[in-house]
Amino acid sequence: MQMTKVSAGKIRAIGFESKTRTMRVELDDGSSLEYNNVNEDLWRRFKSSGAQWSFYRDNIEEEFAVKRISARPFSGSKNPLDDLFK
């Protein structure tokens, strides 16, 4: 699944697989959450929303069963400030 980096509240990356109707959300704490049976219309509205964090909280977080699939980020990128503040 291809992940797209975003900066929206606690969300850092989002992705969608249309074949399986699976959406993945990566949070700033490094956890990755997977939602099944997400229709493409909802995905498009979420992806293009000007307030993705609010859209996520209002339309996805409480509406779909979630499966935590990782405690590590998918993006593999490291914040350059991490070494300074750890």
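This is a predicted model: local features need pLDDT of at least 70, side-chain atom pairs count only at pLDDT 80 or more; totals for chains, interfaces and linings use all residues.
## The buried side of helix 1

Let's start with helix 1, which runs over residues 40–48. Three of its residues, Leu-42, Trp-43 and Phe-46, are buried. Around the helix axis they cover an arc of only 100°, which puts them on the same side of helix 1.

## The start of helix 1

The N-terminal end of helix 1 has a cap, and the residue that provides it is Asn-39. A side-chain oxygen of Asn-39 lies 3.2 Å from the backbone nitrogen of Asp-41.

## Two loop residues with positive phi

Now for the backbone. In the loop between strand 2 and strand 3 you will find Arg-21. Its phi is near 55°, a positive value in a residue other than glycine. Is Arg-21 buried or partly exposed? Its relative accessibility is 37%, so Arg-21 counts as partly exposed.

Asn-37 sits in the loop that links strand 4 (32–35) to helix 1. Here, phi is near 60°, again positive in a residue that is not glycine. With 55% relative accessibility, Asn-37 counts as exposed, because the cut-off for that class is over 50%.

Technical notes
Residues are numbered from 1 along each chain as its sequence is written. Side-chain values use heavy atoms; hydrogens and water are left out. Buried means under 20% relative accessible area, exposed over 50%, partly exposed in between (1.4 Å probe, protein chains only). Helices (H or I, at least four residues) and strands (E, at least two) are DSSP runs, numbered from the N terminus. The arc is that of the directions from the helix axis to the C-beta atoms. A polar contact is a pair of N or O atoms within 3.5 Å; within protein, one must be able to donate a hydrogen and the other to accept it, and residues adjacent in sequence count only if both atoms are side-chain atoms.
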